[in-house]
Amino acid sequence: MSLLEVTDLQVSFPTADGLVQAVRGVSFGVERGRTLGIVGESGSGKTVLTQSLLGLTPGGRISGKAMFDGVNLVGLPNNQMREIRGKEIAVIFQDPLTSLHPLYTVGWQIVEMIRSHERSISKAQATERAIELLGHVGIPRPRERVSDYPHQFSGGMRQRAMIAMAISLNPKLIIADEPTTALDATVQAQILDLLLRLQQDSDTALLMITHDLGVVADIADNVMVMYAGRAAEKATKRDIFYQPHHPYTKGLLESIPHSSAAGDRLIPITGQPPSLIRLPPGCAFHPRCAYVMDRCLSDQPGLVAVGDPNRAAPASMGYSDAAQPTSDGLGGQSWRTLDEAPLAAPTAGSAASPGPIGDHRSACWLPADATGLSEKVEAVRVQAVEMGRTGKAAKIAEAIAAAPESEGSVIA
Ligand SMILES: Nc1ncnc2c1ncn2[C@@H]1O[C@H](COP(=O)(O)OP(=O)(O)OP(=O)(O)O)[C@@H](O)[C@H]1O
Ligand code: SF4
Ligand SMILES: [Mg+2]
């Protein structure tokens with residue numbers, strides 16, 4: 001049973017220009033001690049999705065279900081939500097400066113966080129805990145630094161302080177929204193390493209929101225790729241990197257450095273994400289999709305199981321030792337480790353037994369066996385497109401092929 005099980009979550013915002021459909025029927029689960037990476041371009045709904053779980057989308061219309069440890073977060077009264085926010089579910093944002101109050105010391109803020117949920121604890125006890133936590137997340141001389149103001153910390157230290165605050169109440173789930181985007185590569189790697197270590201120590205579940213597939217390679221167990229407020233593809237990390245089905249996922253892989261999908265050069269995804277007020281009919285990705293077919297213009301694909309159900313998959317949606325990305329804080333290096341690692345060979349009766357059917361889902365009309373990056377799989381895609389494309393879809397495909405690369409977006 002997942003710690004968090006979200007079903008058909010929808011979030012929209014009425015605005016003067018029309019209804020912004022920020023999240024359009026998203027379902028996912030995350031288990032204790034596991035990490036779900038949520039990736040997608042800017043504006044795909046990643047932040048709204050997670051903020052809505054915590055009642056932090058004022059003015060938003062929310063429907064669906066989000067069962068967290070037996071409690072439905074959707075529609076939860078404010079007083080109950082306050083008990084869960086911070087204590088049961090902690091959030092780490094991209095920019096700690098917006099979350100840390102500039103006029104209070106870091107230590108005071110951690111103490112307040114602890115005391116707001118554990119009222120019986122004294123100030124002195126909470127301060128001791130804050131010092132311990134700062135030491136735990138790698139702040140040097142924590143007994144002295146506990147009295148510093150946020151501006152006296154470096155960017156990496158502020159993010160460590162945010163993590164200390166996030167773990168101060170032993171949350172069951174941490175939502176990290178682009179926690180390393182503002183940091184340089186070395187500090188980013190250290191922070192990811194820290195999150196992994198803390199997670200392993202305490203069996204915390206982690207929702208890692210990022211636009212960076214390198215971060216996903218470092219830290220996630222499973223991945224949900226979002227496009228225009230919907231899940232385009234959901235799979236184990238391994239399947240997302242080696243067996244992508246959705247052309248948008250394939251596009252993300254091709255647009256990042258060091259990926260075998262990208263080859264020698266980065267291929268931007270043509271065009272820009274759509275307006276969430278005026279979404280394209282059918283598949284929302286169709287104006288940018290090189291594989292666009294006739295039915296894509298009118299029929300919206302649902303998430304269905306893809307891939308070969310008889311293919312061997314590593315146990316527990318994990319990895320062979322060879323393919324396990326390192327968590328040694330090497331950032332892009334770790335990503336290359338995953339990239340170059342071979343697929344685990346199928347071994348009858350071994351840990352590499354077939355994974356549960358349906359783990360890998362994609363919302364795309366291409367055939368279910370069009371997963372992967374090989375020429376053979378490309379031939380399957382091309383054949384489907386040849387059979388399914390005439391008039392209008394052919395014109396869109398021509399326009400996409402002719403579009404200058406500068407009009408596309410590179411995600412990394
Ligand atoms: N309060 C609001 N009112 C109207 N529209 C909103 C509101 N909050 C978010 N949106 C819109 O919802 C969409 C999804 O935004 P969201 O912040 O979730 O994207 P994101 O995937 O997190 O992007 P980024 O990678 O840039 O952080 C955007 O089009 C955004 O403009
Ligand atoms: S449904 Fe059609 S347009 Fe959408 S991603 Fe698949 S092939 Fe492309
Ligand atoms: Mg965001």
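These legends accompany close-up views of a predicted model.

**View 1. The shell around ligand 1.** The shell around ligand 1 holds 15 residues. Phe13, Ala22, Ser42, Thr47 and Val48 come nearest to the ligand. Strand 1 (4–15), strand 2 (18–30) and helix 1 (46–53) each contribute at least two residues to the shell. Helix 1 supplies the most, with three. By residue class, the shell has nine polar members, five nonpolar and one charged.

**View 2. Helix 5 and its buried face.** Helix 5 spans residues 123–136, 14 residues in total. From first C-alpha to last it reaches 20 Å, close to the 20 Å expected at 1.5 Å a residue. Ala126, Ala130, Ile131, Leu133 and Leu134 are buried. Down the helix axis, the buried residues of helix 5 fall within an arc of 165°, so they line one face. An α-helix has 3.6 residues a turn, so residues three or four places apart point the same way.

View 3. Just after helix 5 comes Gly138, with a positive phi of about 90°.

**View 4. The largest nonpolar core.** This core has 101 residues. Leu207 and Val225 touch the most other members. Helix 7 gives the most to the core, with eight residues.

**View 5. Contacts of Val225.** Neighbours within four places in sequence are left aside here. Val225 is then in contact with Val39, Gly40, Ala232, Glu233, Ile240, His246, Tyr248, Thr249 and Leu252.

Methods:
Residues numbered from 1 in each chain as written. Chains lettered and ligands numbered in written order. Predicted model: local features only at pLDDT ≥ 70, side-chain atom pairs only at ≥ 80, totals over all residues. Near = placed C-beta within 6 Å. Helix = DSSP H or I, 4+ residues; strand = E, 2+ residues; numbered from the N terminus. Nonpolar A, V, L, I, M, F, W, Y, C, P; charged D, E, K, R; others polar. Expected span 1.5 Å × (residues − 1). Buried ≥ 20, exposed ≤ 12 C-beta atoms within 10 Å, placed from the backbone. Arc of directions from axis to C-beta. Core = buried A, V, L, I, M, F, W, Y, C linked by C-beta atoms within 7 Å. Contact = placed C-beta atoms within 7 Å.
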